[in-house]
Structure formats: C-alpha cells, structure tokens
Amino acid sequence: MPDGDRPTNDGGNTVATTRLPSAGFSITIRIGITADASAIGRLTTCVGEAGAIVTALDVVDSDPTTVIVDLTCDTADAGHADQVVQALSALDGVDVRKVSDRTFLLHLGGKIEVAPKVALRNRDELSRAYTPGVARVCLAIAENPADARRLTIKRNTVAVVTDGSAVLGLGNLGPAAALPVMEGKAALFKRFGGVDAWPVVLDTQDPDEIVSIVRAIAPAYGGINLEDIAAPRCFEIEARLRELLDIPVFHDDQHGTAIVVLAALTNALRVVGKNLADVRVVVSGAGAAGTAIMKLLLRQGVGDIIAYDRQGVLHRGLTDLNPAWQWLAENTNRDNYTGDLRGAVRDADVFIGVSAPNLLTGEDIATMAKDAIVFALANPDPEVDPREARRYAAVVATGRSDQPNQINNVLAFPGVFRGMLDAHAEEFTEEMAIAAARAIADVVGEDKINPTVIVPSVFDARVAPAVAAAVRAAAQTPAPPPAKDPGPADLPEIAATAAAAANPLAN
C-alpha cells in the first residue's frame, strides 16, 4: 500500500484512500547539501516523490562546497512528515540538521494576549482608569446594572467555554489539551469580528458544575460560546444556560455549523437549479452538528431528510431511541427507508457528512441523482475523497482549507456575535440563524457563484459585517409566535429536545 494510504471499512467493503497534505502538518527542514547545479532540484524532487508539497525553499548560508537551505513542505500527518525526512536523509550528500514543526512553533507561548485600550502614562491617567476615579463608575453600575454593557468589557467580550470532552473530533482530551483550540477560537473572534473573546476551560465535566460556573462568571461577558462539549451534556448545558442568563448562549458546534451549511446549500442549489423543497438530503451524523443542520433545513422546508448515525438510518419502528433521535425518526425519512448509508444516498440530491472519514466511495456518489451536491465535512479526512466525489457530483464541499468550498464556522460565529453584542441581544434565535445564513450566501452574489465558489472565502472582509448587520436586524424584529403544531423545533430549542442525545459522530 503506498505511503499515506490506509484502509477503512464500512459494511465489509474496504475503501482505500490517500490523505492529502495540509498546512496543519507543515514542517521546515534545515538541510546541508553539496553545492552543485542539481542539488536543489534533487531535494524538491525527493519531497514530491514522497507525496509532500514544497511551499518554500530558502538559502540560509553557503560556502564553496556546501549550501544550507530551509525547505518547507506540507505533509499529510506526523508519520508522513517522518517519512519525508527519512527520504531526504537517504540522499547522497544531504545532511538533515534540524526539523521544525511549524504548527508547534506557532503555538509557543500561546496565541492570544491581553492589551490595554487606554494609555497609563502618568498619575492623572492612572487616577481615572483606576483609583480613585474608577469608584464613580462602580457606583453608577451598582445603581443601574445595565450600564455594565456601556462602561465595561461586557460590551464586547465573549467567554469561549469548554470542558474538553469533544476536542476537534479527537475525543475527550480534557481542559488543558482543549486550551489551544479555545485560544484559536478567541483569535478568530478578534480577527474577523473585532470581538474580545477569552478561553474558559473547565476542569469538570459535570453539567451541574458547568452550568453553575458559567452562571457565576456571566456578569463579565456579553455572550457565551460553548465549544467542544460532548453530547448529551452540550444540549442540556445550553438549554439550562439559556433559561438562566440574560445574554446569548451559542453552541458553535451546533448552530455555527448549521448556519454555514444552510448558506452553502442555498448557493449550491442555485448552481444546479434545484429548490430546497424538492430535494432529498442524506445527513451522516445525527449528533450536535447533524441535528442542528437537519432542524434548520426542516424549518426552511426541505423536501425530505434521511438521518444516519452509528446504529444506522433513523426510521419509525426503531425502539429505545434517545429523545433527539426519536424526534428525528418521527420528523424525517418520509418513506421510512431502513437500509444502509450507501442505499440511502442512491438517488439522493444532497449528501451532508458531519461524521467520520471514508464512509463512501466515488462509486457511491455516482448513484446519486443528477447534479448531486456533496458536503463531506469530517476533518481532516472527509466521508468521501473529494477528488473522487467531484468525478460524479456537480458541487463538492469539505471542511478543509486546501479544497474548494470550505465549510468553516468562522464564516458565521464572529459576525453572529458581533451583531448580537451590538444589539445588546439577550438570546440567540432561529431568526438570527436564518438571517446569518442568507447574509453569507448573498456575499458571494448570484452572478459570481459556480461549482467551486458557493461560499465566500473566510478572509473575505465583507462576510462578518454582512452577518452582523443581518443579525442586528433580526434581533430588533419581533419574533413570530411559536407554531402550535408539533413540527420541527426552533433552532435554539434543539438543546431542549435533544437533552439525552448520544455522542455525535462529529465529536
């Protein structure tokens, strides 16, 4: 089996896939090599033959007989990086002197810091920023607590809260190991939304304790972003905090994912000329993200959805389901299909994966309806190899930054929180979610969309302001009365209806 290939199994069928090099596994190798005309070419050829991608090559030093270079390349994983180094070391005249993992280098000392917004250059400024002047501000807030939104960091600050139980799909790594992810989230808040966010990593996985701690620290924050908390705790914690707090509580793994998926699907359907009400969607992964996606699509009038998780397709007739899955079994799968995932995608218009890698092959995608849409969002390895999927599907999206159409929550949460903070919102609503999704989709523009551009770039400066404006408008518009029938619940109510959901595949 070639380097980087690994088998996966689904229903007894082995699927061979090749992991793709990524900037997440970028390394810089300092190399001494004999100074001759072919030296650099031999290095780059060797790296290419090893399956990596050279991204930079810099000459550091030289003398009449030797050249010292820093060769930077993207690899597929840590093992692949070791293979590349070994291949270079085996070349004649090559001396590998040092290998640096660029991701670890970026994390040295952490990724965020606190910086004062006011200068403290003299006694006068100190007297106003701290004692005795600050006492007047304290008394003003004590008299009118709402002034905290004007006169403190509460106006623009979000807590990024985790218990480390579902870190990046890696599982229960604990609070310390979750901290780099929360730091990254905070950095993204600042970079894309101008929001000051701070990691709050909790050394407990007890829902009662988590709710109690977040409730106690809430006065300092204008919003709570729950992150990487495993189901079913995430549903219960979100629901309880929504009831207790007068600031928005947003579980990004659910609502951020659902918003961006709806935005991407809106434009993908425009590309293929189909209407949401006419399509059948298969969703692999009925956990936090999958449940939120399906509920939002149902509220938007999707034709039909089939939900698939570890135990198989959810359908009426299954017993001993948790409340979330029971609701999905009763409100999806119109024809009560009971087969496997491969059968479910046959003739389906859309596949959305928020689950596990390598569940499908290109041949499975070939059985989908004409002009099929595939969102294979498992990271780092999608549910189907995107290169294979593109042979048969009209539109393909992944969660990877090195592939077209990246479905990334950073398109949503900075603008969503920017809008909620600016509106002094006390809760996150379904109307905000729909408004945010429309704003993201419309940033691309109907005259610009095509099969490889259904969402804007995460670096598109128009996205966060557009989302923020849409969320502000939604926050200032009275919400419609709740539906009287037991139809699909509002997006914020996912937590209440899914309180006992099993761990999602996405976690």
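Arginine 233 is buried, with a relative accessible area of 18%, where buried denotes under 20% relative accessible area, exposed over 50%, and partly exposed in between (1.4 Å probe, protein chains only). The model is a predicted one, in which local features need pLDDT of at least 70 and side-chain atom pairs count only at pLDDT 80 or more, whereas totals for chains, interfaces and linings use all residues. Residues are numbered from 1 along each chain as its sequence is written, and side-chain values use heavy atoms, with hydrogens and water left out.

The side chain of arginine 233 meets that of aspartate 163 in a salt bridge, at 3.3 Å from N to O, a salt bridge being a side-chain nitrogen of Lys or Arg within 4 Å of a carboxyl oxygen of Asp or Glu. Because arginine 233 lies in helix α9 (residues 233–244) and aspartate 163 in the loop between β7 (157–162) and α7 (175–193), the pair ties together parts that are 70 residues apart in sequence; helices (H or I, at least four residues) and strands (E, at least two) are DSSP runs, numbered from the N terminus. Aspartate 163 is likewise buried, at 1% relative accessibility.

A search of the whole structure finds 24 salt bridges. Among them, glutamate 430 and arginine 299 meet through their side chains at 3.2 Å, N to O, and this pair links distant parts of the chain, with glutamate 430 in helix α17 (residues 430–444) and arginine 299 in helix α11 (residues 288–299), 131 residues apart. Glutamate 430 is buried at 4% relative accessibility, whereas arginine 299 is partly exposed, with a relative accessible area of 33%. A salt bridge also joins the side chains of aspartate 147 and arginine 150 (3.4 Å, N to O), and aspartate 147 counts as buried at 15% relative accessibility. Lys185, Glu227 and Asp252 are linked in a network of salt bridges.

Strand β15 (residues 373–376) runs parallel to β16 and is joined to it by 4 bridges, with valine 374 standing opposite valine 396 in β16.

Helix α10 is followed by glycine 273, whose phi is positive, near 75°.

Most residues other than glycine have a negative phi, and most peptide bonds are trans. Asparagine 405, in the loop between β16 and α16 (413–422), has a positive phi near 60° and is buried, with a relative accessible area of 5%. A cis peptide bond, with omega about 10°, joins threonine 131 and proline 132, the latter being found in the loop between α4 (123–129) and α5 (134–143).

Notes: Pairing = 2+ DSSP bridges.
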